[in-house]
Amino acid sequence: MKTLVGAAMIPLMYRFGKKLFQKSFYGFCAAFLMAVDLMHFAQTRIATIDSYTTLFVILMYYFMADYCLQKSYRKGFARSLKPLFLSGLFLGLGAATKWSALYGAPGLAVLFFTAKYGEYKDYKKAMKAPDLPAWTKKFMPVYLRNTMLWCVLFFILLPVGIYLLSYIPYLMVPGMKFADILEYQKSMFHYHSTLKSEHAFQSEWWSWPLMVRPIWYYQGKDLPAGM
């Protein structure tokens, strides 16, 4: 499954690049860079869950970009909600896979509110025109207020629901109860917020985009003789 997920990211990056820059060439560039990324190649072939999280993060940004690149008042209210729903859906799937997906949520908020601010400026400009466009009557109550109310469902309630549903296999174990899930959250947060251990190959988070140090994938200790 990890290999299939890694392969699926390549055409997805093509679609993403083409969507952002409106040209197939740039879609090819995005896909090509991911296809020849050796870290991507290695990471999607070992038994970790990071690749699933990455796929869901790409998808949640893809659909948020889909929303931001179109004017909701031109697309129609119901149709404009679809990419927001899908973005929230993949945020929930990403968070249910690994907490690090939640770090992408503030970025989604920045993109969303930037897009709505742009539409609000369009609204203010349209209100000065002698002939008011029909959409201006519904902009404030529908395309602004109602959209934000739906976002509470899509980006808060839906992800929380998906996260809790991911614990169904645990609850099926005899003796497990819902209170245990809450204890797991406390334990995970306490572990990561108080972790002080160090190792020889650690690197600071700000250095990751610069690839200052390679990832420590293999040590080769404690192997059987001749392996």
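Student: Which residues does Thr 53 touch, leaving aside those up to four places away in sequence?

Tutor: Thr 53 touches Gly 94, Thr 97, Lys 98, Ser 100 and Ala 101, where contact means heavy atoms within 4.5 Å. The model is predicted, so local features need pLDDT of at least 70 and side-chain atom pairs count only at pLDDT 80 or more, while totals for chains, interfaces and linings use all residues. Residues are numbered from 1 along each chain as its sequence is written, and side-chain values use heavy atoms, with hydrogens and water left out.

Student: Is Thr 53 called buried or exposed, and why?

Tutor: Thr 53 is in helix H4 (residues 50-68), a helix being a DSSP run of H or I of at least four residues, a strand a run of E of at least two, both numbered from the N terminus. Buried means under 20% relative accessible area, exposed over 50%, and partly exposed in between, with a 1.4 Å probe and protein chains only. Thr 53 has 5% relative accessibility and is therefore buried.

Student: What makes Lys 19 and Asp 66 a salt bridge?

Tutor: The closest N and O atoms of Lys 19 and Asp 66 are 2.9 Å apart; a salt bridge needs a side-chain nitrogen of Lys or Arg within 4 Å of a carboxyl oxygen of Asp or Glu. This pair links distant parts of the chain, with Lys 19 in helix H1 (residues 2-21) and Asp 66 in helix H4, 47 residues apart. Lys 19 is at 19% relative accessibility and so counts as buried; Asp 66, at 14%, is buried too.

Student: How many salt bridges does the whole structure have?

Tutor: The search finds six. Among them is Lys 177 with Asp 180, whose closest N and O atoms are 3.8 Å apart. Lys 177 has a relative accessible area of 48% and is therefore partly exposed, whereas Asp 180 has 18% and is buried.

Student: Where do Glu 183 and Lys 186 lie?

Tutor: Both are in helix H10, three residues apart, about one turn of the helix. Glu 183 and Lys 186 form a salt bridge with closest N and O atoms at 3.6 Å. Glu 183, at 42% relative accessibility, counts as partly exposed, and Lys 186, with a relative accessible area of 55%, is exposed.

Student: Why is the charged end of Arg 45 said to sit over the ring of Phe 41?

Tutor: A charge sits over a ring if NZ of Lys or CZ of Arg is within 6 Å of the ring centre and within 35 degrees of the ring normal. Arg 45 has its charged end 3.9 Å from the centre of the Phe 41 ring. Lys 2 lies over the face of Tyr 52, at 5.9 Å from the ring centre.

Student: Which residues make the nonpolar surface patch?

Tutor: The patch of about 850 Å² is made by Trp 150, Val 152, Leu 153, Ile 156, Leu 157, Val 160, Leu 164, Leu 171, Phe 178 and Leu 182. Helix H8 (136-165) and helix H10 (178-194) each supply at least two of its residues, and H8 gives the most, with seven.

Student: Is Val 160 buried or partly exposed, and why?

Tutor: Val 160 lies in helix H8. Its relative accessible area is 45%, so Val 160 is partly exposed.

Note on methods: Patch = residues over 30% accessible without salt bridge, like charges linked within 9 Å, V, L, I, M, F, W, Y side chains within 5 Å. Areas by Shrake-Rupley, 256 points an atom, 1.4 Å probe, with all protein chains shown as cover.
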